[in-house]
Amino acid sequence: MAAEAPILEEFRRLRARVPQLTGALAAGVDGLVLAHDTPGVEPDGLAALTAAALGVAVRVADATGRGDFRELLVRGADGYVATYAAGRTAVLTLLATDGVNVGRLHLEGRRAGARVGELVDAKATPVRRSPAKSPAREPAKPMPTRTKTARSARTTTADARTTTES
């Protein structure tokens, strides 16, 4: 995947900003690994578990009327597992020690999720074919933009139903 090197570079910068990180994984919402830096943790298994947790988190958010998925935090006896929406079709999972500043983890995780999402979504944008070779489709809806004004209702694609705004 062409986006793997820039994602790994983002992981490197993220570890510099949050030294208590012990691992990072970008995965599709289908549970396939896009890029990983997870010493001591099997990335395929973590990606599959992340997809399963994401499915439950999306359903909980829907059932309680809380809107589209943004993040999930799990705290264990020895640290944290934080999962953030990353664009339309991916998630970012971060592993951190118990001593991490959770506010800082969220701040940097949300930012990194947005950047990883941009990289993955840019790679996933299909190449346009000539009209004779492809069926007619409705034009794509523009993605919502981030502003400092009051929040309004959001729309996302029905596939992943994740959003990276914070």
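## Terms and basis of the model

A residue is called buried when its relative accessible area is under 20%, exposed when the area is over 50%, and partly exposed in between, calculated with a 1.4 Å probe on protein chains only. By that scale Arg 104, at 36% relative accessibility, counts as partly exposed.

This is a predicted model, in which local features need pLDDT of at least 70 and side-chain atom pairs count only at pLDDT 80 or more, while totals for chains, interfaces and linings use all residues. Residues are numbered from 1 along each chain as its sequence is written, and side-chain values use heavy atoms, with hydrogens and water left out.

## The sheet

Helices (H or I, at least four residues) and strands (E, at least two) are DSSP runs numbered from the N terminus, and two strands pair if DSSP finds at least two bridges between them. Five strands make an open sheet with antiparallel pairing, in the order β2-β1-β5-β4-β3. The edges are β2 (33–37) and β3 (71–76); each has a single partner strand, so one side of each lacks a neighbour in the sheet. From one strand to the next, the twist averages 10°. Angles here run from 0 to 180 degrees between N-to-C directions, and axes are lines fitted to C-alpha atoms, for helices over the stretch in contact.

Strands β4 (residues 79–86) and β5 (residues 90–97) are paired antiparallel over eight bridges. Within this pair, Thr 83 stands opposite Thr 93 of β5.

## Strand β1 and its partners

Strand β1 is mostly covered, with seven of its eight residues buried. Seven bridges connect β1 with β5, and the two run antiparallel. Gly 23 has Leu 95 of β5 as its bridge partner.

β1 also pairs with β2, again in the antiparallel sense, over four bridges. Bridge partners in β2 include His 36 for Leu 25 and Val 33 for Ala 27. The hairpin of β1 and β2 has four residues between the strands, and Gly 31 in this hairpin takes a positive phi near 95°.

## Helix α3 on the sheet

Contact means heavy atoms within 4.5 Å. Helix α3 (residues 102–124) packs on the sheet and touches β1 (21–28), β2, β3, β4 and β5; the direction of α3 makes about 35° with that of β4.

His 106 is a residue of α3, and its relative accessibility of 14% makes it buried. Apart from neighbours within four places in sequence, His 106 contacts Glu 71, Leu 73 and Tyr 84. Leu 94 is twelve residues from His 106 in sequence, and their C-alpha atoms are 9.9 Å apart.

## Helix α1 against helix α3

The axes of α1 (residues 4–17) and α3 come within 10 Å and cross at roughly 170°. The two helices are therefore roughly antiparallel to each other; angles over 145 degrees count as roughly antiparallel, those under 35 as roughly parallel, 65 to 115 as roughly perpendicular, and the rest as oblique.

On the α1 side the contact involves Pro 6, Ile 7, Glu 10, Leu 14 and Arg 17, which meet Arg 104, Glu 108, Ala 112, Arg 115, Val 116, Leu 119 and Val 120 of α3. The residues of this contact divide into seven nonpolar, no polar and five charged. Ala, Val, Leu, Ile, Met, Phe, Trp, Tyr, Cys and Pro count as nonpolar, Asp, Glu, Lys and Arg as charged, and the others, Gly among them, as polar.

## Salt bridges

A salt bridge is a side-chain nitrogen of Lys or Arg within 4 Å of a carboxyl oxygen of Asp or Glu. By this rule there are twelve salt bridges. Arg 115 and Glu 10 form one of them, at 3.0 Å from N to O. Arg 115 is in α3 and Glu 10 in α1, so this pair ties together parts 105 residues apart in sequence. Glu 10 is buried at 2% relative accessible area, whereas Arg 115 is partly exposed at 30%. Beyond neighbours within four places in sequence, Glu 10 contacts Arg 17, Ala 112, Arg 115 and Val 116.

Arg 13 is partly exposed at 33% relative accessibility, and Glu 9 is partly exposed at 30%. In α3, Glu 108 and Arg 104 are likewise four residues apart, or about one helical turn, and their side chains meet in a salt bridge of 3.1 Å, N to O. Glu 108 is buried at 3% relative accessibility. Salt bridges with shared partners join Glu 9, Glu 10, Arg 12, Arg 13, Arg 17, Arg 104, Glu 108, Arg 111 and Arg 115 into one network.
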